[in-house]
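Work through the exercises below with the structure open. Each task is followed by a stepwise solution.

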Amino acid sequence: FFQEFLCAELLALQSSEVILSFVSSNSQARILPGWVNTLTLLVSLLDKQSDQHTMFINWLIENDVEVMVKIEKEHLDIATRESIFKRIFNYYKELKIWMNSNKFSDRDLAYFAQSTETIQFTLKEAFDSSNLRVVRLNALHIIAGFDLTDFPNRSEARDGLLNLIEEFMNDPHFVFIVIRTIRDCGFHDRDTIIRIMEIAGNRNN
C-alpha cells in the first residue's frame, strides 16, 4: 500500500499526459490492471477543481469507465456517479448480456452509484416489461445492493417487486431472484411475507 500511495503522490505532480503514459496501455486505451489501486489513490489526491482532475476523469469515462467504480465515491460528485452508472448499465443492456465485470461486483456498483435518481432508474428498468429478461435480471441484482432505508418511494418499490413475482410465476429462477431482492432490500415485514404467500398460493390453486 505504501508503494502505491507513493506512486500516486508522485503522479499527482505530473501532467495528465504523463499520468496516462504510466497507468494506461499503449496498445489500447485501458488502465493497466496493476495500476488500478494507484489510480484510486491518485484521484483522491488531485484537486477536484483542477483541469488535471477534469481531464483525467473525462478520459476514464470515455475509455475505461468500469474502473471508476473502484474510486471512492466521495471523490466524485453525485451527477458524475449517476452518469457513470447509467453508462455502464446501458452498455450491457445494448449488448443484451449479463452484467459481468472483473472490475466490480453488483454490490460495488450499487454502493458507488447510490442515489434516489439511480434507484428510480434501476427500478424502472426492472419493471419495464418491454426489456429483455437479462436486462431486468441485471437490474434486480443491482437493486439488491441498494440501501432503500431512506428511499422516498420505498412502498412503490416493494409493490413493484411483488408484481414481478406474479408476472414471472412460470419462471422459477426469476422468481427466486425477485424474492432474494425483496429480502436484501429489507422488506421483512409481515404484510410483505403474507403477500408473497398469497401470490404463491394463488398460483398453486
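**Exercise 1.** List the residues that line the second largest pocket, then characterise that lining.

*Solution.* Step 1: the lining consists of Lys48, His53, Thr54, Ile57, Asn58, Ile61, His75, Leu76, Asp77 and Thr80. Keep in mind that this is a predicted model.
Step 1: look for the main contributor. H4 gives the most, with 5 residues.
Step 2: sort by class. The lining has 3 nonpolar, 5 polar and 2 charged residues.

**Exercise 2.** Find the lining of the largest pocket and the elements behind it.

*Solution.* Step 1: the residues are Arg30, Ile61, Glu62, Asn63, Asp64, Val65, Glu66, Arg87, Ile88, Tyr91, Tyr92 and Lys103.
Step 1: assign elements. Helix H4 (51-63) and helix H5 (78-95) each give two or more residues to this lining. The largest share, 4 residues, comes from H5.
Step 2: count classes. There are 5 nonpolar, 1 polar and 6 charged residues.
Step 3: the volume of the largest pocket is about 230 Å³.

**Exercise 3.** Which residues of the largest nonpolar core touch the most other members?

*Solution.* Step 1: the core holds 64 residues.
Step 1: Phe56, Leu60, Met68 and Leu140 touch the most other members. Helix H8 (residues 133-143) gives the most to this core, with 7 residues.
Step 2: follow Leu60. Leaving out residues up to four places away in sequence, Leu60 touches Ile31, Leu39, Val65, Val67, Met68 and Ile71.

Key: Residues are numbered from 1 along each chain as its sequence is written. This is a predicted model: local features need pLDDT of at least 70, side-chain atom pairs count only at pLDDT 80 or more; totals for chains, interfaces and linings use all residues. Side-chain values use heavy atoms; hydrogens and water are left out. On a 1 Å grid over the protein atoms alone, a cavity is a set of points where a 1.4 Å probe fits but cannot get out, and a pocket is an open set with protein on both sides within 12 Å along at least five of seven lines; lining residues have an atom within 4 Å of a point. Grid points are joined across faces, edges and corners, and a volume is the space filled by probe spheres set on the points. Ala, Val, Leu, Ile, Met, Phe, Trp, Tyr, Cys and Pro count as nonpolar, Asp, Glu, Lys and Arg as charged, and the others, Gly among them, as polar. A nonpolar core is a set of buried Ala, Val, Leu, Ile, Met, Phe, Trp, Tyr and Cys residues joined through side-chain atoms within 4.5 Å. Buried means under 20% relative accessible area, exposed over 50%, partly exposed in between (1.4 Å probe, protein chains only). Contact means heavy atoms within 4.5 Å.
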